[in-house]
Amino acid sequence: MSDSPRRLSHALSGANPATLARVLALAGAPEARSLPQVTVAALATLGRWPFSLAERAYVAAKRPGTVERPPIFILGHWRSGTTHLYNILSKAPQFGYVSPFATGLPWDFLLLGNLVSPLLEKALPEHRYIDNIGVDSDSPQEDELALANMTPLSFYHGLYFPRRFDAFLAEGVFFDGVDQAAVARWQKTLRYLYLKLQIAQPETRLIIKNPVYTARADLLDAMWPEAQFVHIHRNPYKVFVSMRNFYQKLFEQFALQPWDAVDIDEAVFATYERMMDKLAADTAHLPPGRFVEMRYDDLAADPLAQLARLYEQLGLAGFDADRPRYEAYLASVADYRKNVFSMPQELQDRIRARWGRFIDQWDYTAPAV
């Protein structure tokens with residue numbers, strides 16, 4: 001575990017009282033050194049509650065005039081290139097996305113968030129905790145961070161409270177053991193969040209990136225029968241080693257309990273297998289215009305060609321108009337350097353033994369030792 005200094009604020013500071021209370025009841029006591037963070041989160045939650053109620057009234061008044069369009073969902077296991085694709089597409093003015101303020105203050109970002117936006121901008125980290133991708137007020141975020149502040153059904157709670165990691169992961173990704181009433185509440189919360197995003201970004205079509213949804217395409221398809229899905233995949237060998245770093249960095253940043261007992265390797269192996277199988281089953285019936293697959297390596301090698309193909313396959317208009325914005329963004333990140341991790345032969349053999357069928361399906365090869 002890390003002994004580095006901890007920020008007094010925590011991601012759960014954006015929760016509502018019911019979500020925070022339920023998660024704490026499920027998770028058990030935080031470790032002693034995390035009590036100040038939990039206390040600050042509880043005080044922030046209670047202090048914001050009147051603003052959250054005011055925002056509900058504001059949204060109710062705005063709802064009749066808001067046009068809600070079926071989203072485009074970017075799917076893919078964590079560390080597969082979903083963020084890169086999301087960052088590019090968010091530069092087109094025709095698309096809406098989830099802002100950092102919407103993830104940190106999902107109940108309050110329309111009113112309170114706008115009011116204190118200068119303070120929130122100063123509080124943003126320079127880059128993401130898991131890699132070197134920069135963060136600013138216009139950086140698109142995955143909505144799972146917002147949902148972790150709105151519902152107990154999020155795998156992020158396993159990162160916050162690792163003593164119950166396996167249960168939070170199973171419930172928050174696959175809805176294991178979750179009754180239909182709880183799923184229905186989660187769906188209602190999701191629709192509320194997307195309505196608010198649409199109010200904040202009228203005349204746009206939302207693009208949503210969330211690796212969790214790779215295991216939930218069937219449910220999203222039922223909620224939005226005209227939604228479209230883009231699955232981006234990456235060499236599984238690279239995904240595995242990057243996921244080790246993913247968990248280590250996020251535990252160091254967010255864990256309110258010790259994480260020594262978490263079997264990170266097995267969590268990565270088992271989740272990937274189940275998630276990819278679920279995605280294949282959920283999308284088998286979708287026609288080509290609603291489901292597209294993309295290789296991360298192809299996107300990295302020739303992004304504009306891949307974006308043009310994506311527009312064509314999804315039947316999206318406006319690529320020529322959006323292209324200059326994509327070119328400008330790609331030029332701005334041309335010097336970005338990805339993390340590099342070692343991969344000894346023994347580890348490659350383990351990955352091959354567990355994920356060989358996916359490696360073969362997408363025609364990937366092992367990197368040099």
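Which residue in β5 does H231 stand opposite? In this predicted model, in which residues are numbered from 1 along each chain as its sequence is written, H231 stands opposite E293 in β5. Local features need pLDDT of at least 70 and side-chain atom pairs count only at pLDDT 80 or more, while totals for chains, interfaces and linings use all residues; side-chain values use heavy atoms, with hydrogens and water left out.

The pairing of H231 and E293 belongs to an open sheet of five strands in the order β2-β3-β1-β4-β5, with parallel pairing. Strands (E, at least two residues) and helices (H or I, at least four) are DSSP runs, numbered from the N terminus, and two strands pair if DSSP finds at least two bridges between them. β2 (95–96) and β5 stand at the edges with a single partner strand each, so one side of each has no neighbour in the sheet. Strand β4 (residues 228–233) is joined to β5 (residues 291–295) by five bridges and to β1 (residues 72–75) by four.

How many of the six residues of β4 are buried? Six of the six are, so β4 is largely enclosed by the rest of the structure; buried here means under 20% relative accessible area, with exposed over 50% and partly exposed in between (1.4 Å probe, protein chains only). Both faces are covered, with Q228, V230 and I232 buried on one side and F229, H231 and H233 on the other. I232 also touches T82, as do I74, L75, G76, H77, K209 and P211, leaving aside residues up to four places away in sequence; contact means heavy atoms within 4.5 Å. T82 lies in helix α3 (residues 82–89) and is itself buried, at a relative accessible area of 2%.

Now to the helices. Helix α10 (residues 180–200) lies across β1 and β3 (205–209), running at about 130° to β3. Axes are lines fitted to C-alpha atoms, for helices over the stretch in contact, and angles run from 0 to 180 degrees between N-to-C directions. The axes of α10 and helix α2 (residues 35–62) come within 11 Å and cross at roughly 70°, which makes α2 roughly perpendicular to α10 (65 to 115 degrees; under 35 is roughly parallel, over 145 roughly antiparallel, and the rest oblique). At this contact, E55, R56, Y58, V59 and K62 in α2 meet Y192, L195, K196 and I199 in α10.
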